[in-house]
Amino acid sequence: MTVSVIETLIKMLRNEADMGYLDQCVQGGFKNFSSTWSRNARTESVPEPLFERVREWLASYHALAMEQRPPSLNGLVDELQSAQRAGESGTGPGPAAGQRPPAAHEPVRSNAAGTGPSGASNGPPPARPVSAPGAPPAPRPSETPPLTLRELQAPLRRLLGVGDKNTESFERLGLQTIGDLLWFFPRRYMDYSLLKPINRLWYGETVTVLASVRDASTRRTKRGTITEVTVADGSGSLLVTFFNQPWIESRLRKGQLLSLSGKIGQYLGRLTMTMPEWEFLDRQQIRTGGIVPVYSLTAGVNQNFLRRHIHNAVSRLATRLPDPLPAAVLDEGKWMALGQALQQIHFPASWESLKKAKDRLGFEELLYLQLGILQQRRNWTSGEAKRYPFPAALDEFMASLPYTLTAAQQKAVKDILADFDTGKPMNRLLEGDVGSGKTIVALAACLVVALQGGQAAILAPTGILAEQHFALTRKLLVREDKFLREDQIGLLLGSTPESAKQEIRENLASGKIAVVIGTHALLENPIDFAKLDLAVIDEQHRFGVDQRAALRAKGRSPHLLVMTATPIPRSLALTIYGDLDLTLLDEMPPGRKPVTTRILLPGERERAYAFITGQLKQERQAFIICPRIEESETSEATAAVEEHRRLQESVFPEWKLGLLHGRMRADEKDEVMHRFRSGELHILVSTSVVEVGVDIPNATVMMVEGANHFGLAQLHQFCGRVGRSGHASYCILVADSEDQAENERLKAMEETQDGFVLAEKDLAQRGPGEFFGTRQSGFADVDLARLLDVRLIEQARNTAQKLFATDPDLRAPEHRLMAERLAARWNPTAGEIS
């Protein structure tokens, strides 16, 4: 038979998929096209069952919800291609005997996917892939091949409907492969069935509002622009304000429907919302009344674009993903199948389904982490390391210190000495709050190695901190040549002159330098050690896994000591530091007074300035932190350069102020810090570059501008820069606005100085990727794992231990996929998750 009418329809359906299932590929939609297709089909004698099926589908497609359209369309394409094949072979088209093809308003079902471990149906039906033009016909459900890891790593342009232009948009979000898109999870959700009208909103609540634009205007102020938009929903109106985003006015038209999410405020008796998240609303989302995903965005990418393409990918590919978890693990934990979990994490049918999907995906990520950690610990402890017994000179060193170590510090030194004497590489995490005395413990370990012919390296994240460690090392370890000589201690920075670098390289290679302190410059080649037996990494979360591995590689199974001043919740330590032995410095040195923290409104700055002046008159010093280096049109944040000028000229003209930020040359930073440390400068205006390690005992005030821009861990570190002597010290947090002063993070800083309590709150609010300050930490993808959920962590640990006990290398056939996924996530060179 002639099948040109079928070929034409298949092409039209492919165009509809490319255009995002908006029923716009033909003028007037498929409903209007139905009569035209019917006339053409009659002239070509299309078989009656197929004719009726298509006619009914075209007439009802417009009524389908957005999430129903891809599977229904893909199912029809599959039937049309089957009719083509049957026509070519002469066997006749149509469905199997006794079966009626589903209409457009009916779900397409498959026994091959969409089922949980027990086989029960759960979640939306699977999507049938639309074959690319010129490709072989898509196989029937029973013939659909599973997606391989290699296919998941294919570029996004291979996905139907994603061209070069869209690929560029995805790349701006860091999405390059099909797998990236499938695993790009929403950051939150909106439930359109639980919305409030404007007249029922209350001051202070955080809500999502659906309303239409009534009017919009923009005016200029000294600090930028203010755009005001009035929206209404029939029950009332709301004034919405945007700062320094004048382009918003040109985007809005009267009557456009918006979704706005933010905190309700009040001005002159009128309800307001300031700087909300917003988007143009797809009316289809309201009609379906479901839970809608909200994704992270970047310039030029909107929510509807992301939802359309992610929905397309999930509906067509999710159920083709083979589940890497073996049946025994799925059954034991009653976990949702992978394909269904991906469907429900992106487009959940209910909040209960969303929780199950999060638990399933989180469990799997945690399981890979635990398996990798177990393998790493096995590999690490199987090596041999040089033994370093207790040297008699260590007691003399301890006695020579100008203070007595705390009990926690003494225990830490004993833990390290015990590790040194095992003949196996030490792998220890030294965790202590700001000012707990981690550095002196590390120096004691370095001395033990150096006195017995080995070399030690201390890797610091900033030049300022490295120089501080260098000065302390020379002060404590060089005592009338009792312990080490000055020429046995080296400092290597990126700013070190090349001639000096060359001399340090030669002295490291010959073994003349016993202890070297440095920044990333230590990792450069060619830098070789004669006998690197101890690697110390300070503020370890500031370094990527490759950098930590590079330092280890400079020696042969060196002992490793990593230090952090960021208190790590127990749940997180269990998850990502399971391969490390933990030593906790939970005791502060005597004489340190607690830091008093206060939140001030923007209009109360003068109080802070007066207080700082009073401290300066007592011969104390102060820090003033700004979130930015220079002013920006797109941010209200205070800028350090401009603030330094203003404060020096208008607020503190009789005092000397210094400026410190990351764009300054290393020698400029060194000079500023030297002048501040010596007391020549009274106030240091700085960006967050002083967050880590800077030790100025005479500083008693830390004032943080735009405090709402920083996380709890950073704020805690800032406060730790003061209170390092016997003087009473203070941390003043100034928010950008009154609303921001109500910020939960700022309130937490007022309530407690317990670093572990703050770390729990910080992790819960921001997730592990931001908690560590960088995605290169490798744990940003474990957000779903609910790293505060000890129950889920323990389940993953128990499962990993069972698997490791019987099949440590995952060689069994049922573990093959799990081994592939683990290898893709675990860096065998660095020995860490990546």
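Reader: What volume does the second largest cavity have?

Author: The second largest cavity has a volume of about 70 Å³. A cavity here is a set of points, on a 1 Å grid over the protein atoms alone, where a 1.4 Å probe fits but cannot get out. Grid points are joined across faces, edges and corners, and the volume is the space filled by probe spheres set on the points. Please note that this is a predicted model, in which local features need pLDDT of at least 70 and side-chain atom pairs count only at pLDDT 80 or more, while totals for chains, interfaces and linings use all residues. Residues are numbered from 1 along each chain as its sequence is written, and side-chain values use heavy atoms, with hydrogens and water left out.

Reader: How many cavities of 30 Å³ or more does the count come to?

Author: The count comes to five cavities of 30 Å³ or more.

Reader: Back to the second largest cavity: which residues lie nearest its centre?

Author: Thr566, Pro567, Ala713, His716 and Gly755 lie nearest the centre, out of 12 lining residues; a lining residue has an atom within 4 Å of a point. Helix H24 and helix H27 (755-771) are the elements that give two or more residues to this lining, and H27 gives the most, with five residues. Helices (H or I, at least four residues) and strands (E, at least two) are DSSP runs, numbered from the N terminus.

Reader: And the second largest pocket, what volume does that have?

Author: Its volume is about 1,100 Å³. A pocket is an open set of points with protein on both sides within 12 Å along at least five of seven lines. The second largest pocket is lined by 41 residues, and the closest to its centre are Tyr403, Gln468, Leu472, Asp695 and Arg724.

Reader: Which element gives the largest share of that pocket's lining?

Author: Helix H17 does, with nine residues. H16, H17 (463-477) and H23 (666-678) each supply at least two residues of the lining.

Reader: Moving on to disulfides, which residues does one join?

Author: A disulfide, counted as a pair of cysteine sulfur atoms within 2.5 Å, joins Cys719 to Cys731, with an S to S distance of 2.4 Å. Cys719 lies in helix H24 (residues 712-719) and Cys731 in strand S21 (residues 729-734), so the link ties together parts that are 12 residues apart in sequence. The count comes to one disulfide. The angle about the S-S bond is -70°, and the link is left-handed.

Reader: Is Cys719 buried or exposed?

Author: Cys719 is buried at 7% relative accessibility, and Cys731 is buried at 1%. Buried means under 20% relative accessible area, exposed over 50%, and partly exposed in between (1.4 Å probe, protein chains only). Cys446 is buried as well, at 0%, and Cys626 likewise has 0% and counts as buried.

Reader: Now the open sheet of seven strands: what order does it have?

Author: The order is S11-S12-S10-S13-S14-S9-S15, with parallel pairing; two strands pair if DSSP finds at least two bridges between them. S11 (489-492) and S15 (581-585) are at the edges with a single partner strand each, so one side of each is left without a neighbour in the sheet. Neighbouring strands are turned by 20° against each other on average, direction ignored. Strand S9 (residues 427-432) pairs with S15 over five bridges, and Glu431 stands opposite Leu584 in S15.

Reader: Which strands does helix H18 lie across?

Author: Helix H18 (residues 498-510) lies across S10, S11 and S12, and runs at about 135° to S11. Helix H16 (residues 438-450) lies across S9, S10, S12, S13, S14 and S15, and runs at about 175° to S13. Axes are lines fitted to C-alpha atoms, for helices over the stretch in contact (heavy atoms within 4.5 Å), and angles run from 0 to 180 degrees between N-to-C directions.

Reader: How many residues of strand S17 are buried?

Author: Five of the five residues of S17 (residues 621-625) are buried. Gln621, Phe623 and Ile625 point one way, and Ala622 and Ile624 the other way. In a regular strand the side chains alternate between the two faces of the sheet.

Reader: What is the bridge partner of Ala622 in S20?

Author: Val701 is the bridge partner of Ala622 in S20, and Ile683 is its partner in S19. S17 runs parallel to S20 (residues 699-705), joined by five bridges, and pairs in the parallel sense with S19 (residues 683-686) over four bridges.
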